[in-house]
Amino acid sequence: MSRFLNVLAVSAVVLSVASPVLAGPLGLGRAATPDEIAAWDIDVRPDGMGLPEGEGSVLDGEEIFAEKCAVCHGDFGEAVDRWPVLAGGQGTLEDMRPVKTIGSYWPYLSTVFDYVHRAMPFGEAQSLEADETYAIVAYLLYVNDLVDEDFVLSRANFTDQKLPNEENFFLDDRGADGGELESFTAPEICMQNCKADVKITARAAIIDVTPEDGEARKAREAKLATEEAGEQPEASEAETAPEPEVAQETALDPELVKAGEKVFKKCKACHQVGEGAKNRTGPELNGVIGRDMASIDGFKYSATLRTMAEDGTIWDEGNMAEFLRKPRDFVKKTKMSFVGLKKDEDIQAVTEYLKSFPE
């Protein structure tokens, strides 16, 4: 064999090893390797198929979320700037601007896991280990008030977790035989009995939100008017309401204040106390015990809290404890996404800590 032919033969062998194997009718690309397929095949289905082995707790998830997610979504999923809110929204699906979270709208927890594992954190997609993903999903369940703080999510109990709105997602069963799937797979397009003209019957007020409908708007406005009319008698009875309890000045418990400072770290993302405290996502809390509700100038309170404040109610230790335990139960439709403190000792400690910051 000539030297030239030897070079060609060696080159052919090298190319066959180093270059992709041509495949398919167009002779393009190559077959994916098993490792490449494994890297792409990470989808998780509602029945749990595709879930990796692992587990993660709410407490671990809180730390991971604070490090990797809170910069965009806030410490409690309340969102920063225009990044998506991840907590709250319960009872808002009939509103003009519903808040769609896993606690209010999403159908399956598998979608949450799949998305977090596949696409998050932003800019570092697929960098989370399975245990980290379980922990973050567990924390998201917690901030949506679906599990307690000692909850641990794992492959074994994953399918036991049902999201509140799951039952409102179903296949459209209209059609002769197969329902909605049939309409997408029909062999022939109907093209019969079509309308002669096309009219715009509704306009989307906001992208990805229920289109505005005139009749629905009128019904909603009528409902709001009725509700407002029904609230007026209650307002007129304010004068007969019992005098609010006034906070009494007592000596502070130093140990309790110290414990409260640690627990208050959960609140610091939204609230400030101490010298120079300013309103942030939430109002500053200097002198909050004994203060009129919704009374900080320059802070935009929720409508519900403003209504409660019209009765002259002040923050005392009793209603503060009730609020800290579950803010959304105490103030309906509050903007505050914090799920609340579960332990009585934490509530007592935070209250004592707040009392250490008078006006």
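1. At 31% relative accessibility, Arg118 counts as partly exposed (buried is under 20% relative accessible area, exposed over 50%, partly exposed in between, with a 1.4 Å probe and protein chains only). Its salt-bridge partner is Asp114, with 3.0 Å between the closest N and O atoms (a salt bridge is a side-chain nitrogen of Lys or Arg within 4 Å of a carboxyl oxygen of Asp or Glu). Asp114 is buried, at a relative accessible area of 14%. Both residues sit in helix α5, residues 109-119, and since they are 4 residues apart, about one helical turn separates Asp114 from Arg118. Helices here are DSSP runs of H or I with at least four residues, numbered from the N terminus.

2. On provenance: this is a predicted model, in which local features need pLDDT of at least 70 and side-chain atom pairs count only at pLDDT 80 or more, while totals for chains, interfaces and linings use all residues. Residues are numbered from 1 along each chain as its sequence is written, and side-chain values use heavy atoms, with hydrogens and water left out.

3. In total, the structure holds 9 salt bridges. One of them pairs Arg45 with Asp43, the closest N and O atoms lying 3.5 Å apart. Arg45 is partly exposed, at 42% relative accessibility, and Asp43 is also partly exposed, with a relative accessible area of 30%.

4. Glu284 and Arg291 form another salt bridge, with the closest N and O atoms 4.0 Å apart. Both of these residues are buried. Elsewhere, salt bridges with shared partners connect Glu317, Glu352 and Lys355 into one network.

5. How many disulfides does the structure hold? The number is 0 (a disulfide being a pair of cysteine sulfur atoms within 2.5 Å). For Cys69, the closest cysteine sulfur is in Cys72, 8.6 Å away, which is too far for a bond. Cys72 is likewise in no disulfide, the sulfur of Cys69 being its nearest. Cys69 is buried at 11% relative accessibility, and Cys72 is buried with a relative accessible area of 16%.

6. Helix α9 (residues 254-263) and helix α13 (residues 344-355) have axes that come within 7 Å and cross at roughly 105 degrees. Axes are lines fitted to C-alpha atoms over the stretch in contact, with angles from 0 to 180 degrees between N-to-C directions. On the α9 side, the contact is made by Leu256, Val257, Ala259, Gly260, Glu261 and Val263 (contact means heavy atoms within 4.5 Å). From α13 come Asp346, Gln348, Ala349, Val350, Glu352 and Tyr353. Glu352 also belongs to the salt-bridge network with Glu317 and Lys355.

7. The loop between α5 and α6 (130-143) contains Pro121. A cis peptide bond joins Met120 to Pro121, with omega at about -10 degrees. Gln126 is placed in the loop between α5 and α6 too. The phi of Gln126 is near 65 degrees, a positive value in a residue other than glycine. Gln126 counts as partly exposed, at 47% relative accessibility.

8. Where is Asn193 found? Asn193 is in the loop between α7 (180-185) and α8 (214-236). Here phi is near 55 degrees, again positive in a residue other than glycine. At 81% relative accessibility, Asn193 counts as exposed. For context, most residues other than glycine have a negative phi, and most peptide bonds are trans.

Terms used:
Helices (H or I, at least four residues) and strands (E, at least two) are DSSP runs, numbered from the N terminus.
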